[in-house]
Amino acid sequence: MARPLKTESDGVLYARPPSVETQIDQAVQLSATDLRRRLLITDRNDPGHLRSECLVHLVREGRRSGNQALMTAVLPILLGRCEANLRVTVADGAIPDAANLRQEILDDLTELFVMDGSGDFPDELDFYECKFNKAFRALRIDAIRRAERRNKRSIEVAEMPELEVKSMPDAFEDAFARVSDAFRVLPTQEWDADREPILQAIEALPPDERDAVVLVHVLGYKEESDNPEEETAATRCNCTGRTIRNRLTRAAAKLSRFKEDL
């Protein structure tokens with residue numbers, strides 16, 4: 001029997017449709033050879049066709065159990081279906097920069113699998129196991145709306161001020177609390193002597209994580225806002241507040257390791 005879902009809607013746990021539950025129970029019993037054969041069936045009317053809800057479950061189970069072979073077999077098939085959908089719903093010529101937008105949506109979906117079981121929304125993929133098409137449509141619409149805001153306001157991450165660290169304490173007891181405090185205090189000679197390795201540690205972060213750190217903990221932007229007109233780290237980076245928080249979490253872990261090396 002498939003693992004019960006945890007996410008609630010109005011106090012009621014999400015429930016997979018019975019047909020999905022049945023197919024999942026069958027799919028997890030398949031040999032690797034039989035699963036690969038079933039994954040190649042594209043006709044939805046074929047009894048052997050695996051529904052996208054089932055594929056989501058298999059990828060999540062593969063990640064939880066450390067079964068890389070299962071993830072490698074299933075995830076590309078699911079993403080391929082989504083890409084085919086996007087070539088129609090986010091068509092070239094109908095939406096500006098459609099190719100990059102399609103890739104952004106696929107990246108957003110992939111990130112959900114990467115962050116599954118962690119972060120602020122550990123069970124976000126539960127809904128995808130119940131009603132994949134509806135969930136993916138919501139993901140697509142959210143990305144299109146972000147793109148529309150970008151085009152309207154012409155905000156580019158490239159406009160963000162250069163990272164110029166004047167001072168920073170050499171402790172990261174609370175990763176970002178100390179970073180924020182550092183920029184509220186005038187530099188000292190002692191801090192200036194220490195700033196180079198610390199600056200290098202920040203600049204060594206992946207660009208998306210570095211941008212999130214600078215925007216939130218140096219420049220003071222909110223992670224996100226309910227006010228669509230307010231400029232936040234999420235709007236500056238053209239992503240969701242959840243993505244910003246995930247990036248900050250990953251950055252904090254790296255900066256904490258840096259503290260241990262001092």
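Modeller: Gladly, and one definition comes ahead of the rest: buried means under 20% relative accessible area, exposed means over 50%, and partly exposed lies in between (1.4 Å probe, protein chains only). This is a predicted model, where local features need pLDDT of at least 70, side-chain atom pairs count only at pLDDT 80 or more, and totals for chains, interfaces and linings use all residues. Residues are numbered from 1 along each chain as its sequence is written, and side-chain values use heavy atoms, with hydrogens and water left out.

Colleague: Thanks! How many salt bridges does the structure hold?

Modeller: The criterion is a side-chain nitrogen of Lys or Arg within 4 Å of a carboxyl oxygen of Asp or Glu. By that criterion, the number of salt bridges in the structure is 21.

Colleague: Which parts does the pair Arg60 and Asp126 tie together?

Modeller: The closest N and O atoms of Arg60 and Asp126 are 2.9 Å apart, which makes a salt bridge. Helices here are DSSP runs (H or I, at least four residues), numbered from the N terminus. Both partners, Arg60 and Asp126, are buried. Arg60 lies in residues 52-65 and Asp126 in residues 126-130, so the pair joins parts 66 residues apart in sequence, namely helix 3 and helix 6.

Colleague: Which residues are linked with Arg60 and Asp126 in a network of salt bridges?

Modeller: Arg60 and Asp126 belong to a network linked by salt bridges.

Colleague: What separates Glu83 and Arg87 in helix 4?

Modeller: Their side chains meet in a salt bridge at 3.2 Å, N to O. Glu83 is partly exposed at a relative accessible area of 32%, and Arg87 is partly exposed at 48%. The two are four residues apart in helix 4 (residues 68-89), so what separates them is about one helical turn.

Colleague: Is Arg245, the partner of Glu224 in a salt bridge, buried or exposed?

Modeller: The side chains of Glu224 and Arg245 meet at 2.8 Å, N to O. Glu224 sits in the loop between helix 10 (207-218) and helix 11 (233-236) and Arg245 in helix 12 (residues 241-261), so the bridge ties together parts 21 residues apart in sequence. Glu224 is partly exposed at 39%. Arg245 has 18% relative accessibility, so Arg245 counts as buried.

Colleague: Where is Asn238, with its positive phi, placed?

Modeller: Most residues other than glycine have a negative phi. Asn238 has a phi near 55 degrees. Asp97 also has a positive phi, near 55 degrees, and its place is the loop between helix 4 and helix 5 (98-114). Asn238 is placed in the loop between helix 11 and helix 12.

Colleague: What distance separates the C-alpha atoms of Ala73 and Arg36?

Modeller: Ala73 is in helix 4 and counts as partly exposed at 26% relative accessibility. Ala73 and Arg36 are 37 residues apart along the chain, and their C-alpha atoms are separated by 7.1 Å.

Colleague: How many residues of the lining of the largest cavity are charged?

Modeller: A cavity is a set of points, on a 1 Å grid over the protein atoms alone, where a 1.4 Å probe fits but cannot get out, and lining residues have an atom within 4 Å of a point. The lining has 13 residues, with Leu112, Met115, Ser118, Phe121 and Glu124 nearest the centre of the largest cavity. Counting Ala, Val, Leu, Ile, Met, Phe, Trp, Tyr, Cys and Pro as nonpolar, Asp, Glu, Lys and Arg as charged, and the others, Gly among them, as polar, the lining divides into five nonpolar, three polar and, for the charged class, five.

Definitions and conventions: On a 1 Å grid over the protein atoms alone, a cavity is a set of points where a 1.4 Å probe fits but cannot get out, and a pocket is an open set with protein on both sides within 12 Å along at least five of seven lines; lining residues have an atom within 4 Å of a point.
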